[in-house]
Amino acid sequence: MEDRDLQARASLKEVIQRIYEQLEDGTIPYLELPIRTKRNIELADEENVWTYGKNTITRSAKTTKGAYQLLKTTYLCELLIKDHLEQKKSSTLREIYYISENWKHAKFNEQQESDRLIEDLEIITGLRREDFHVRPEENGATIFGPLRLKETTKRGERIIHCQEDVGEAGYQIPYNVENIEFLEHDAQLIIAVETGGMQDRLIENGFDEKYNALLIHLKGQPARSTRRLIKRLNTELQLPVAVFTDGDPWSYRIYASVAYGAIKTAHLSEEMATPAAKFLGVQPRDIIEYDLSTDRLTNQDIKALHNELTDPRFNTPYWNEEIKLQLKLGKKAEQQAFAGKGLNYVTDTYLPARLTELGLIKR
Amino acid sequence: MEDPLAWELAKRQESISIAEFFEKNRQILGFDSQPRSLITSVKEAVDNALDACEEAGILPDILIFVEQSGRDTITLIVEDNGPGIVRRQIPCVFAKLLYGSRFHAVKQSRGQQGIGISAAVLYSQITSGRPVRIISKIGKDHPAHYFELIINTKTNEPEILKDEEIEWDRLHGTRVELEMEASYVRGRRQSVYEYLRETAIVNPHARITLVEPDGNEILFERASEEMPVAAREVLPHPHGIELGTLMKMLRYTERERLAPFLRYSFSKIGLHTAGEICKAAGIDPKTDPHTLGVDDAKRLIKAFKRVKIMAPSTDSLSPIGEELIYKGLRKEHTADYITTITRTPSVHSGHPFVVEAGIAYGGSLRKDGPAKILRFANRVPLLYQQGACAITHTIERIRWRQYGIDQPPGSLPTGPIVILVHIASTHTPFTSESKEAIADVPEIMSEIDLAIKELARRVSAYLSKEKTLNLRREKEVIIKRILPQLATKTAQILELPTPDINPVIAKIMGNVLVKREIHEDGEVHRVIMEVENNTERTQEFTLHEIHEHPVYNPSPAPKTTPIGSEYNHQWRITLKPGEKRAILYDLQAMPDELKKLPPPIVEGVGKELLTGAEAIDRGVGDGG
């Protein structure tokens, strides 16, 4: 076994050891975990990202729910130790859910439950699920732009240029971004785009070439690997990052998870959040300034916006103002709304203007 | 006891044709939509059948056939095993509006106005152009009569199209066949199915069979062989009589003196009470009632309140009774808990009434959404206008949370709960003539409130008992299923021996723990007994070790008594909550003897509070 695997195994065994010792001591078994809600995230000063605070929840065998969770944790650790680390195998999140079918009382009721327990183990051990050989179902999103990299695959090393060696769909980000090494690049900045349609529009209009931009497709709420790649590009190549999404509350959360870290995975924020990432748009004020076609905010949208007003990640003068403006307008706009002004408008007018405002390009 | 609609009808009868009247009052009469027209027709026919069976003391057996006879037309057949109707009355009963004397009587009955079945006949005639077909037979040795009738809409007189004697296989009973524009709907509250289901709940003595248009047959089986007590006609009770009503009674009475007027026009007023009332009102008992004015009437009403008058007789009412409501709810709902109540009679505007209620909770009842409210007036389900009804209003005003039941503010409670309310009265005050919602009369609301709160208290007690039981069950699952697996699994992963989980079990259950460990060491073994009190009380008990070995180096020393070839070593122990103690001794035995060592025994702690030892009640072998 490799060192990394040995270490992961030791960490997982420690979790089991803790439960075992509690049973031996006559202590009702329990595990302590940080509470994972927006009420318990705080700014980690050195890193400038949001991580969990000090509030913890005790999962104790005093209740059936807690007892079952401990039992499931135990079975899960056994799988990770004996099948994954010792046998050099890996499973996807979904596969783990199905594997638990054979665990009788420790069977997961839904995938959400096993996903959560894996995140719990990450928090307890301070490791990442990749260390336990756990993969997400889908691979990360795609990247397109002037970057040459080397990926270590199971079948050897591959050197790929993300404009010249790939099709129009771009280079697909693998689940373990640590297997990538950046070789050389001409990039000036990174633009992370929410929708595939907008990504294609920027490529078709040659935006990547004109501005030496690395275009990263977020595919909605970005996968861990996508966020990790952005973080690495930002810190290792010192590339500035701008996030371009729809103008609605759900898209602001996409930006927040890129820039500040997601509430669900705040334990990994230091590795995945890119605090330097800037929000490009669509901003609520753009709705007025660019006179965009809009949709009315739904009740859910309004609720989500109010929710964001109490989310510490959005507690800045900028977001306060924008969110309140949007509530006042009662409107939201999609990225594609710029198409109403011509297909080149977004690349010729809006993006250059916004990137100049953000200080990312000079006219 | 006039009813505004009845008076209205009586007045108009000569001036306008009844067809016109019907058209103008379709909604009031319950024929405003196709689905509702069918429900109303079923309702009128079934009410008639139930009333007839009850009067004759027959357990009702009612069949309802609904057939799709055309694209928009339905044929409805309702057949009962009632006493039948004598030949000469058949035309009037079915083909003359307002026939029957019911609305003059003070007596609880289903239909209050006697418009009833003839309205359905009229509707059928107007929409299909077909006559009503009747078969009725009054007994085994009597012929069955077959009639085809229509109502003459100008004169409100029956016209007989056919009048024959036929063979009919029933001993007695009545069969009505109507064809009408109507539609049969399913799956909603306002449906024939739901109407009959609710009717079956409050008439558990009836067997009701419904055959739907697709041939599907549904049986609402009888849950009781007991007939409801028949209601008697009585005089109005003086409490709560309205001024106007009293005035009319004074004006139209045949009595010429006040005291006899009081005595013979009201119930519960005797010779003595009549005198008292006159005295309290300051009116000479010999006064001619016809000469009394508004002020006198007002004084009389005040006097009614001051003089002690017996509560109204309930003879005129026919409550269903707690037991039968229970049976009715039970047969139509799979619930965990059902409780019912019949209140003592009360009075509103001189009319006696009784509120009865039932609550069914849990089981397969729907867990989400508002409570299901089943409203009944004189055993008739009220399907429409739930939001306008005093029953709904009263339920909404109750603060259900204090009974452990969820409730959005000001709304119906939510959860797996069915609330049934039945109001039996000689006169039910409805909000409108369509008779679908009971008016917010304070006296009635107060009775509903008291009835439901009593039931809610019982549900609340049931729920808290369940909670304790659930907690206990939950702990059982933890200690019997989860903890043993947790112990084996962790041990297996770490490749260590399976830990003893008794100490944890004792903690979870809040028990007294006795844990005995034996450290083997050649021929002399060290025994360590750990006792721990996890209960919330101080425990005093005796710990017994009964085996054939003497103990060496004990700490503390036991009291030892021999029993035959064995010894009973006893330690007297007192432990405060949370306290623990160790008892040590040495033992000389062969390894296989150790395995056969019986478990420690505790005297003075109940079995349910003990983990790791056996419990006994009395002294063991004291003094041999």
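So, B:Lys489 and A:Glu78 form a salt bridge, and their closest N and O atoms are 2.8 Å apart. By salt bridge I mean a side-chain nitrogen of Lys or Arg within 4 Å of a carboxyl oxygen of Asp or Glu. Across the interface of chain B and chain A, the rule finds one of these.

Quick housekeeping, since this is a predicted model: local features need pLDDT of at least 70, side-chain atom pairs count only at pLDDT 80 or more, and totals for chains, interfaces and linings use all residues. Residues are numbered from 1 along each chain as its sequence is written, chains are lettered from A and ligands numbered from 1 in the order in which they are written, and side-chain values use heavy atoms, with hydrogens and water left out.

Okay, back to the interface. Which elements of chain B give two or more residues to the side that touches chain A? Those are α14 (442–494) and α15 (502–509); helices here are DSSP runs of H or I, at least four residues, and strands are runs of E, at least two, numbered from the N terminus. The largest share, 15 residues, comes from α14(B). By class, this side of chain B has 16 nonpolar, three polar and six charged residues, where Ala, Val, Leu, Ile, Met, Phe, Trp, Tyr, Cys and Pro count as nonpolar, Asp, Glu, Lys and Arg as charged, and the others, Gly among them, as polar.

In total, the contact (heavy atoms within 4.5 Å) takes 25 residues from chain B and 26 from chain A. The two chains bury about 2,400 Å² between them, with 71% of it on carbon and sulfur atoms; that's the accessible area, with a 1.4 Å probe, lost on putting the two parts together, summed over both.

Now let's look at the whole structure: a search over all chains finds 58 salt bridges. One of them joins B:Arg87 and B:Asp163, with the closest N and O atoms 2.6 Å apart. That pair links distant parts of the chain, 76 residues apart: B:Arg87 is in the loop between β2 (73–80) and α5 (90–95), and B:Asp163 is in strand β5 (residues 157–166).

Last stop, a sheet in chain B. Five strands form an open, mixed sheet in the order β19-β20-β17-β22-β24, and strands count as paired if DSSP finds at least two bridges between them. The edges are β19 (559–563) and β24 (614–616), each pairing on one side only. Further in, β17 (residues 539–547) and β22 (residues 601–603) of chain B pair in the antiparallel sense over three bridges. B:Leu543, for example, has B:Val602 in β22(B) as its bridge partner.
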